[in-house]
Amino acid sequence: MISLPSILICLAMIVLAPLFPGVINKTKAFFAGRQGPPLLQLYYDIIKMLQKTSVYSETTTVVTRIAPFVILFSTLAAALLVPVAFRNASVSFSGDIILLAYLLGIGRFFMVLAALDTGSAFEGMGAAREVLYSALAEPALFFGLLVLINETSQTSISAIYEKLTVESWWQNPATFLLVAASWMIVLLVENARIPIDDPNTHLELTMIHEVMILDYSGKDLALIEFAGAVKLAIFSSLLVGLVLSGQELALPAQLLVYAAGMLLVSIVVGIVESTIARFRLLHIPKFIVGSGALAIIALILKLSGN
Amino acid sequence: MNSIATLLAITCMLLLGSSRLLVSIRMVAFQGILLGLLPLFVTDHIGVAAVLLMLTNIGLKSILLPWLLTKALFESGTRREIEPFIGFGASILAGVLLLAVSGYIVNRLQTTAQISSPFTLIAGFFMFFSGLFLLITRRKALTQTLGFLVLENGVFTTGLSLGSEFSVFVELGILLDVFVGIFLMGIMLFHIDREFDHIDADRFNELSDLAVDVGDSEEASE
Amino acid sequence: MQQYLVALIIIMAGGVLAFVTRKSRNVSTFLGAGSAILGALVAAWPVARVLLGRADLPVLMLQFPLGEATLKLDAISAFFALPVLCLLIAVSLFSGIDAGHDKHAYDGWLFFNMLSASMLLLLVSANAVLFLVAWELMSVAAFFTIAYRDEIVSARSAGWKYLVASHIGTAALMLLFAMLAAQSAGFEFSQFAAAQLPSGMHSVAFLLALFGFGVKFGLLPLHVWLPDAHAFADAPVSAVLSGAMIKMGFYGLLRILMLLPAPEAFWGWILVVGGLLTGIYAMAMALAQSDLKKVIAYSSIENAGIIMMGIGCSLVAIAWKQPFIAGIAMIGALLHILNHAVCKGLIFLAAGVVYHAMGTRKLEMMGGLARSMPFTAVCFSVAAVAISGLPPFNSFISEFVIFTAGLHTATIKEPTAVLLAFMIMSGLALIGGLAVATYARTFGLVFLGAPRQAKRREISDVIPALRLPFLLLLAAIAVLTLASPWIIKILQSVVLVFMARQTEFTAASMQIESLQAPVVIVVTFSLALIVIVLAAWQIRRRFFSAGDRSDRPTWDCGYAAPDARMQYTSSSFSQTIVDIFSAVVRPYKHGEKVSGLFPQNASFRTDAPDSLLRYLFTPIFSLVDRVLLPLRAFQHGRLHLYICYVAITLLVLLIWKVVVI
Amino acid sequence: MNTAYALIILPVITGIISLFISSERLRRNLLVVVAFVHLFMSIMLCTGAAGELNGSWIGLDHLGRLFLMIVSLLFAGSAIYSMEYLDKHPHFDGPAIAGLRMPGNSNAVFVACMQLFLAAMSLSVMSTHLGLQWIGIEATTLASTPLIYYHRNKRSLEAAWKYMILCSVGIALALMGVFFLAMAASSHVQQFTPVGLALFSGYLKIEWLKVAFIFFLVGYGTKMGLAPMHTWLPDAHSEAPSPVSAMLSGALLNCAFLGLLRIYQVCAAVPGVASFASELLIIFGLISLAISGVFILRQPDYKRMLAYSSVEHMGILALGVGLGGSAIAAALLHAVGHSLVKSSLFLLSGNILAVYASKKIEDIKGLLKTMPVSGALWLAGFFAITGTPPFTTFTSEFAIVRVALQSHSWTIAILYLLFLLLVFIGMLTAFMHMSLGKKGEVEVDGSAGESFWQVLPPVVFLTAALFLGLYLPDFMRSAINGAAVLLGGKPL
C-alpha cells in the first residue's frame, strides 16, 4: 500500500516539477531559433512571486483566497498516487487512479469558482471552456485505463504498471501506441498546452487556463503556477510509466531512465507546441473526443486480440 | 283468429302509410280492440280473469289513450306527419320487407319449438318491428308515442302467441305500466307543445356533446 | 414493529391536528412539525435495530378486503427508511422554524405528514394491496404538496403533469401486481415469491416494474414530470420529493426483484444503458436551465441515472455469478441513494432560502449572494461539491465504489464485460464532469461575482435558529463521509438480504474487505485534504497576508468601467456545452441579433423546456385528443338515431349470435 | 314477509297522500320519515330480523339484500338532501329558464314521485318473479320521468322525453325477453324465478334462452346505461335535480343491473350459455368503458361528466360479471362503492350548481376556497370515483384486473386499464380546474351550498366508501360472496 522510497522519489519529482515547463520552453525556443528563457525560469518566477503581496478584486470572496490551496494540495495529493520511477506509487490501492482524477477535479472545480468569483466576463469564459474540455478529457483517460486493466487484470495503477512489461507491448503494440497517443492528448488538454490552449498568448479571449487566473497575483499565483507544474509532472510520469518499463532495473538505473523519460515527454510536448498551431475553439471538443476515440479503437483491438 | 292477426298486420301497414295523424290514432285504437279480443281466441278456456283483462285492455288502449292523444293532437294544431325520414311509399315497402323478415324468423323458430299460432306470432313480430320503424323514422313526438304503443302491442301479441301466459296479476301489471307510460307521454306532449310550440321530436337536440370547449386542452397539452 | 406503527400514527395524527388547527398558525406548525420529528425519532429506533441486525422484528397482520396484509420491516425496508427519516427530521425542523417567523413559508402539514407517513408505510407493506394503497397515498399526498401554491398556474400544471405521470406508472404497477397475484394464492409478497410464473413472465414483470417505478425515479423518458414538480413545489417539499420519494421508486424496483428469481443479464443491461442515457440527458438539460431549482431537479434525475447504473451493473454481475462485483455495485448504488438524499435535502433547502431572499429563481438575476448570506453559501457549496461527486465528500465515495465495480468488471476477459465496464466508467466520468460544470456554474452564478440586478430589498442570511437543520445535514454528510467504511459493512448485510433468494452469495464469497481498505484510504485523503487546506489558508491569512489589498476592480483587459451586467451569464456559461448536445437540448432563443457599429440596446434570453416533453409527450397527447374529438359526434342529441342505435345493437347481436349459429 | 310487502306498499300510499298534503313542510318531513322507516325496515330484512323470505313472487336473496340496502341508503341520503334543496330556487343556466319559479305543486309531484320511485325500486329489487321484476323496473321509469322534468324547462323536458322513450323501448325489449324466456322454460318449470329456472336448467331450450338473454341485455342494458344504448343517460342525469341524479345513477342503474344479473343467474346455470353470456357482457363492458373515456375527456359540463363516469362504471360492472370467478364478487363490491361515491358526487354537484349557477366546468374555479367542505369532498370524490386507493373502488377494480389476468386475457386487462387511465386524465383535468386555483372573477358566496344537511350525506357516503376500502364488514362480505356464488362466481 504505502511505500516510503516512492514517497521520497515523489517528493523529488514534485520539487523538480517546475523544471519541465522550462524544458518545454527551451525546446520551443530551439525550434524558433531563439535562445529562450532560462531553464529554471519558473523557479525564479515562483520565488519572486512568493515575495510579493497579493491584490484581490473587490468583488472577490473567500473562495478566491482559499482556492489556491485547494488547487495546490489536491494536486500534491494526486501526485502521491502516481507510480514514479517504475515503482509502486507512494500510496496505491484498487481504484487509486479514480481518486487521482477526482482530486484533480476538485482542484479544477475551485479554479472555476475562483474565476467566477471575480465576476469578470473573460474569466467566466475561460471557466466555461475549462469545465467542458475536462469533462470530455476524463473519459478519454479512463478508456485508456480500461485497456490496461483488461490487459493486466489489475485495478490499481501501480499494479497495472508492475504487470505491464515489454512483452505485452510486443504482443499488441498498436493498442498501446494508441493508448499512449490518447493519453498524450489528455496531457495536453489537462495542462492547457497548445494545440488546446496557449499559455502565453496576448489575447484573453482565446485563453482557457491562463484567463481563469487572470486576477491572481503574488503568492497565490505562485502556488497555482507550481500546482500547474506538478500536474504536468503527474501526467508525464503516467505516460512514462506506460511507455517505458524498468521494473527489473536497480534503483539508480530506474531513476535515470525515469528522469530521461520525463524530460523526453517535456521535449515531445515542446515539439508539438512548436510544430502545431493552436486549434480554433470550435474544433477542440472534436479533438478531445478524437483522443477518446483512439482509446476506444485500442480497446477494440485489445478485445479482438484476446 | 288468423283473421285478427291479418287485421293487425294490415293496421300496421296503414300506420306506416298514413300521413294523417288522426288516422294513425284511429288505427292504433282499432289495434287495441283487436288486441283485446285476441286472448279469447288464443286460450280455449275463458275465465273471469281473461274477460276482465280483455275489458281493461280495450278500455285503456282503444278508448282512453286515443282520446288523450287526439286531445293532444288538436292542442298542438298539427294535422299530419310532414316529410318523415323515410317517405310513406318507402315505408310501406319497408313494411312488406319487415313482414317478410318476421315470417322468416317465425319459420326458423318453428324448427326449435312448436308454436301454438305461428300466424299471430308473425303479426306480433311485424307489429314490433313496425313500431320500432315508426319510432325511428317519424319526426313528430306524437307519432313516436304511437310507434311505442304499436311496439308494445307487438310485444303483447308475441307474448300471447308464444303461449307464455303469467297469472292475471302480472298481465295486469304489465298493462298498467304500459298504460301509464303512454299516459305520461301524452301529458308530456302537452308540455312539449307549450314549451317548444311544436312537437317535432327531431328538433330536440339542445342536449348533445358536439360542442367542445378548447379551454382545458391547453392544460392537457402543456 | 408496533413502535414503527406508532410512529406512523403520530406523524399522521399530527398532520390531521395541524390541519384542524390551521387557523392559528403557530399551533398547527408546532403540531405538524413536532409530530413529524417525534415520529421520525420514534421510528428510528426499530429501523436502527433491524439495520444493525440486532433484531428481527415480528410481522404484523392487517385485515383487508382482499385478505390479510402483512407488515414487515426487513433490512431493505430499514435501509430505505434512513433517507426518509433523516430528511423528515431536517426538513420538518427547517420548515417548522421557517413557518414560525415567515408567513409565506410552507405550512401544508396535512399532506406533508401524509406523504412522510405513507412512505414509511410503503416500506413495511409486504402485501400487494397494502403496497399499492401506500403507493397511491404517497402519490396523492405528493400531488397536494406540489400543487400547494395552487393559485399559480405553473404549480397547477406541474401538479397535473405529476399526477398523470404517476397514475400511468400506477397503472403499470396494478398490471404487475395483478399478474403476480393471478399466478399465486393471494396478494402476499411471500406468496408471490412462492409462485411459479411461466419463464417469459419474469421479464415482463421486471419491465412492468421498471416502467411503473421508473416514473417515480425519473427513468428516461418518464422523468418529464420531475423538473416542474420540484421547481414549483416549496423547497422543503422538493427536498423530500427528491431526497426520499424518488428513492421509493428504487425501493419498489428492488422489492420486486426480490420476488423474482435470479435476474436475466439483459435486465441489468437495460438499467445500465437507461441510467447512462438518463444521466447524460439530465445533465445536458440541467446546464441549459435558467431556473435554479430546475437545475437541481435535473441533477436529481442524473443521480437517479448513476444509481440505476449501479443496480444494473449488480444485476448483470449476478447473472454472471460475480459475487464481488455484484456486491460492491449494489453497495455503491445503495450508498449513493443515502448520500444523494442528504446532499439533495441540503441543497434544496439552501436553494429555498435563496429563493425566499431573492424572490426569483432565475439564475440570470442572481450573483454575489455569498457576501450577503455567507452561511447559506457555505452550505450550498458543500452540497454542490458533494453532489457533483467530488472528493472530499460523501457522494464521491459512493461513486468511487461504483467505479471500483466497473474497474473489476474490466478485469474479466470478456468483450461484454469490458463493454459493461466501458459504459459504467465513461458514463460516470462524463456525468461527473458535466455535474462539475453544472454545479460550478450554479454556485458561481448565484453566490459569486457581483449582483446582477439592482437589489430590490435588503438580502439577509438565514436567522440563527434556522441554521440548525442545515447543520444537521452538514453533520450527516460528515458522518456519511467518515463512517463510510463501516457503513459499507452494514450495507453488505443489506445486499446479502437482497440477494438471498436469487443467489448463493455469502459474506465470504463477497469478500467486501478488499473494498473497505481503499475506502479507508480515500476517506483519509479527504480528511487530510480538508484539514491541510484549511490550516494552510488560516496560516496564510494570519501570517503571510501583510500588504494584501482587495480594493481594486476586477481586471477587465483594460476596459475602463466594468459593470456587473458584463459578467458571464448562466446561459453564456453553458452555451459552449449545450451546443454540443444541441441534438437533444433545444433551447428557445428569444431576442434580436446585435449588429452595426452602434447597436441599439438589444435583449436576449433563452429557456430550455424538456425536449422529450416537447417532442414526445405533447405530440402524443394532442394526437389522442385529435383522434378522440370526432368521436364525440356520437352523442348528437337526435332521439331517432338513439333509438336506431338500440335497434341496430339488437339486430347485430341477433344476427351474430342466433341466426349464424 | 309482511315487512317486505310493507317496503313496497308504504311508499306508494304515502306518496299518493303527499300529493294531497297542502303544507310544504309536512310533506317534506313525510318524505324523510318514510325514507328512514324504509331504511330501518330494510335493515331489519337484510339482517334477517324479519325472517328469511323466498317466495315465488317477492323474496330476498343475497343479491336482493345488497341492492336493497343500496337503494334504501341512497334514498335516505337524497331525502335528507332534498329538504333544503327544495327550499332553494337555483337560477339555472340558459336564457330559457331565467326567472323561472317552480309552480308550487311541482314540489308535491316531486315528493310524491320520489316515494313512488322508491316503491318501484324496492319492488324491482325484491321481486323474484321475472315478470314482476319487469313491472318494477318499468315502474321506476314512469316514476322517475316527472322527477327529471322537475325544473319545468326546455332542457329538462327534452331530457325527460328522451329518457322516457328510450327506456320504454328498452324495457319493451326486455319484456320480449321475458316472453322468450318463458318460451325457453318448458312446462317442467313451476315458478318463473331465476332459482326456479336454474333448478330445471337441463330442460331449458338453449336457443330461446340465448335470444332471451340478448333481449334482456339490450333492454335492461339500455336502462342500465351500457354503451351504445346509454345515450339517454347524460341528458337525464345532467338535467335532473341533483338528488334525483344521485338516485338515478346510484340506485336506478343498479336496479337495471340487477335485472340483467337475474337472467345471467339463469344462464350461468346452463353450461352452453354461460360463456356466451359472459362474452357479451365483457364486450359491452369494454365498449362502455371506451365510450365514456371518449366523452369524459374534454367534457365541458361537469354533471354530464359524472353521468358518463356512471356509464364507465356500469361498464366495469358488466366486465366484472363477464369475467366471472371472483370478479363477480368484485363487481358487486364495485356496485356498492360506485353507488356511494357517485351519489355523493351528484349531491355535491347540486351544492356547486346552487352557488355558481352554472354547469360549465370552465365557469368554476377555486372550489376549495369558495366552499371548503364541498370542495374538499368534491376532490375526495374524484379520487374515489377514479379508483384511487384506499377507497373501495380501488379494491374492486384491482381484483377485476387480477381475474382478467388469471384467465390470461391480457388484452382485456390492458384495454381496461387504458380506458381507466383515459377517464382519469379527463376527470383530473376537470376536477383540478374546478377545485384548485383562485376564486375566479365571479364573486360567489360559498355559504349558499354549504348547509349542514346538504353536506352530511356526501360526508357519510364517502366515509363509508373509504372505510369499505380498508375493511369489509362480515355481513357485507357474506352478502357479496353469497351473491357471487348465486351467479356462479367465487367468493372475493
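Chain B is built from eight helices and has zero strands. Do keep in mind that this is a predicted model.

**Chain B on its own**
- Along the sequence, the elements of chain B read α-α-α-α-α-α-α-α.
- Chain B has 222 residues, and 46% of them count as buried.
- Among contacts in chain B with a separation of 6 or more, 77% join residues 24 or more positions apart.

**Where chain B touches chain D**
- Chain B brings 39 residues to this contact, and chain D brings 35 residues.
- On the side of chain B, the elements giving two or more residues are α6 (141-161), α7 (168-196) and α8 (215-221).
- The most comes from α7(B), with 13 residues.
- By type, the residues on this side of chain B are 21 nonpolar, ten polar and eight charged.

**A helix pair in chain C**
- Two packed helices are described by the angle between their axes and the distance between the axes.
- In chain C, helix α6 (residues 153-183) packs against helix α9 (residues 225-232) at an angle of about 140 degrees, and their axes are 9 Å apart.
- Angles over 145 degrees would count as roughly antiparallel, so α6(C) and α9(C) are oblique to each other.
- The crossing in which α6(C) passes α9(C) is left-handed.
- From α6(C), the residues C:S154, C:A155, C:A158, C:K161, C:Y162 and C:A165 meet C:W225, C:D228, C:A229 and C:F232 of α9(C).
- The residues of this contact between α6(C) and α9(C) comprise seven nonpolar, one polar and two charged.

Key. Residues are numbered from 1 along each chain as its sequence is written. Chains are lettered from A and ligands numbered from 1 in the order in which they are written. This is a predicted model: local features need pLDDT of at least 70, side-chain atom pairs count only at pLDDT 80 or more; totals for chains, interfaces and linings use all residues. Helices (H or I, at least four residues) and strands (E, at least two) are DSSP runs, numbered from the N terminus. A residue is buried if 20 or more other C-beta atoms lie within 10 Å of its own, exposed if 12 or fewer, and partly exposed in between; C-beta atoms are placed from the backbone. Two residues are in contact if their C-beta atoms, placed from the backbone, lie within 7 Å. Ala, Val, Leu, Ile, Met, Phe, Trp, Tyr, Cys and Pro count as nonpolar, Asp, Glu, Lys and Arg as charged, and the others, Gly among them, as polar. Axes are lines fitted to C-alpha atoms, for helices over the stretch in contact, and angles run from 0 to 180 degrees between N-to-C directions. Angles under 35 degrees count as roughly parallel, over 145 as roughly antiparallel, 65 to 115 as roughly perpendicular and the rest as oblique. A crossing is left-handed if the near helix is turned anticlockwise from the far one by less than a right angle, and right-handed if clockwise.
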